[in-house]
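Let's take a walk through this one together, from the ligand to the sheet and the helices around it. Have the viewer open as you read.

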Amino acid sequence: MSFHSCEWCGFTWTAEAAKNATVQAISRDSSPTTTTPLGYALFATRWLQAPLYFGLVAAQGVYVYKFFNELWTLVLRCVTGQATETYVMLAVLKLVDVVMIANLLIMVIVGGYETFVSRIGLQGHRDQPEWLSHVNSNVLKVKLATAIVGISSVHLLQMFVDVHHTSRHALLWGTVIHMAFIASAAILAYMSGPMAAQSERVSHETHKEPAPEEVRSPKAFVPAQAGSRHDDEPSVEERLRAAGFPARKLLEEFDSEHPHSFDRETVARLGKLDFVAARRNVVFVGPPGTGKTHLAVGLGVRACQAGHSVLFATAEEWAARLAGARDAGRLAEELAALDDHPVLIVDEVGYTPFDAGTAGLFFQLIAHRYERSSLIVTSDRPLGRWDEIFGGPSALAMVDRLAHHAELVRIDGESYRTRRATSAWAD
Ligand code: ADP
Ligand code: MG
């Protein structure tokens, strides 16, 4: 178990560098990078590690062989009546042991590769392990330490089951070593706590409620190019301002008990922003006041904090913007410029019906961003009824592209505004 040695500490800087590089890659911002050729060459040496992970894959194959070997022996002994109860228990524990070590291996292979070499791009995959979306060297260390504790407890249990054939010396040391594993896992978990709290604090500082006039400042449209013309990487605050949110709503402020029904799991998963990297869309559908805009803005704020550029506007404002570009004969440029923003939010689709010309503009926007970048859309009408909003033949084709790679979240229940008003009145 050499991975548990100080090699981890030596590689901590590599993990951070890898993470920063990945964030830059994912953000798709065209801001200039400051990496020097020498630094880049050093960073590129991480690829030397790639074959090591394939070596571990071979080791995993050995464990698969070992597992079936043990299983076969167990079955044979049971069939021939040579298996005592203690033997069966020990053999099953051995199988569990092999599986746990194999699990540990996969954690090292996938997590290590993702953290130290390159992104695997599992975002949005239905088999993506929960921990992989926020894996870093700290998470990995704690996961490995707890996995080792699990394995050592199985070993200890094996010793106690077979206590008559285990020397006191082995029992004593087995227990001491197990306690040492528990202590080191506890220390690692404790140490990663303050680190996580620190990064949480930093992220909280960045989304403090702005002054009211800042929130309510008229949402003048920032040309799409403006966000990317900064000499340096824009700060989170600059991103939040440029996004043009009507008010800063946070996902953390969303009372998930209020809407009678909505897919809480999907919303929690969306909060990890995998949909941005996977270039998928998000559509919130539900009656007025159920928190669609709140959730869309909440995701937008998270995206800004993660380094993505976001633009928010209502469907009507988008229609005016696209029509303006079309009339000026630069619709194609405008759509291309919007590519600088990995996330666009189109709020309140459905409150105003659009004519065939405007529907065509929305179709172009959605078709242009299809599989290229993300849209977050809110609407009071299910996609199947969008032909009531958009005149002309585009509605169906538009919905088809929008929904193909989309997370659809249906929110049902009474309006949060009305509920607040009626309960205040009742009070
Ligand atoms: P919609 O876009 O569905 O019409 P909004 O997102 O504009 O609704 O919500 C209306 C108001 O109610 C906003 O101020 C929003 O923050 C608040 N709100 C709605 N649902 C919730 C909720 N579940 N928890 C906290 N605030 C909510
Ligand atoms: Mg709304």
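To follow the ligand part, you need one cut-off: a residue is near a molecule if its C-beta atom, placed from the backbone, lies within 6 Å of it. Keep in mind, too, that this is a predicted model.

With that in hand, go to ligand 1. It has 17 residues around it, and the closest are Asp-255, Gly-291, Thr-293, His-294 and Tyr-416. Of the contributors, α12 gives the most, with three residues.

Now for the sheet. Strands of a sheet pair through backbone hydrogen bonds, either parallel or antiparallel. Here you're looking at an open sheet of five strands, and the pairing is parallel. Reading across, the order goes β2-β3-β4-β1-β5. At the edges sit β2 (310-314) and β5 (406-410), each of which pairs on one side only. From one strand to the next, the twist averages 10 degrees.

Zoom in on β3 (residues 343-349) and β4 (residues 374-379): these parallel strands are joined by five bridges. If you want one to click on, Ile-345 has Ile-376 in β4 as its bridge partner.

Helices pack against this sheet. One of them, α13, touches β2 and β3, and its direction makes about 105 degrees with that of β2. Another, α16 (residues 394-404), lies across β1 (281-285), β4 and β5, running at about 100 degrees to β5.

Stay with α13 (residues 315-327) for a moment, and bring in α15 (residues 356-369). How do their axes cross? They come within 10 Å of each other, at a crossing angle of roughly 95 degrees. Since angles of 65 to 115 degrees count as roughly perpendicular, that makes α13 roughly perpendicular to α15. On the α13 side of the contact you'll find Ala-319, Leu-322, Ala-323 and Arg-326, which meet Thr-358, Leu-361 and Leu-365 from α15. Sorted by type, the residues of this contact are five nonpolar, one polar and one charged.

One last stop is Val-236, in helix α9 (residues 236-243). Is this residue buried, exposed or partly exposed? Val-236 counts as partly exposed because it has 17 C-beta neighbours inside 10 Å, while being buried would take 20 or more.

Conventions:
Residues are numbered from 1 along each chain as its sequence is written. Chains are lettered from A and ligands numbered from 1 in the order in which they are written. This is a predicted model: local features need pLDDT of at least 70, side-chain atom pairs count only at pLDDT 80 or more; totals for chains, interfaces and linings use all residues. Helices (H or I, at least four residues) and strands (E, at least two) are DSSP runs, numbered from the N terminus. A residue is buried if 20 or more other C-beta atoms lie within 10 Å of its own, exposed if 12 or fewer, and partly exposed in between; C-beta atoms are placed from the backbone. Axes are lines fitted to C-alpha atoms, for helices over the stretch in contact, and angles run from 0 to 180 degrees between N-to-C directions. Angles under 35 degrees count as roughly parallel, over 145 as roughly antiparallel, 65 to 115 as roughly perpendicular and the rest as oblique. Two residues are in contact if their C-beta atoms, placed from the backbone, lie within 7 Å. Ala, Val, Leu, Ile, Met, Phe, Trp, Tyr, Cys and Pro count as nonpolar, Asp, Glu, Lys and Arg as charged, and the others, Gly among them, as polar. Two strands pair if DSSP finds at least two bridges between them.
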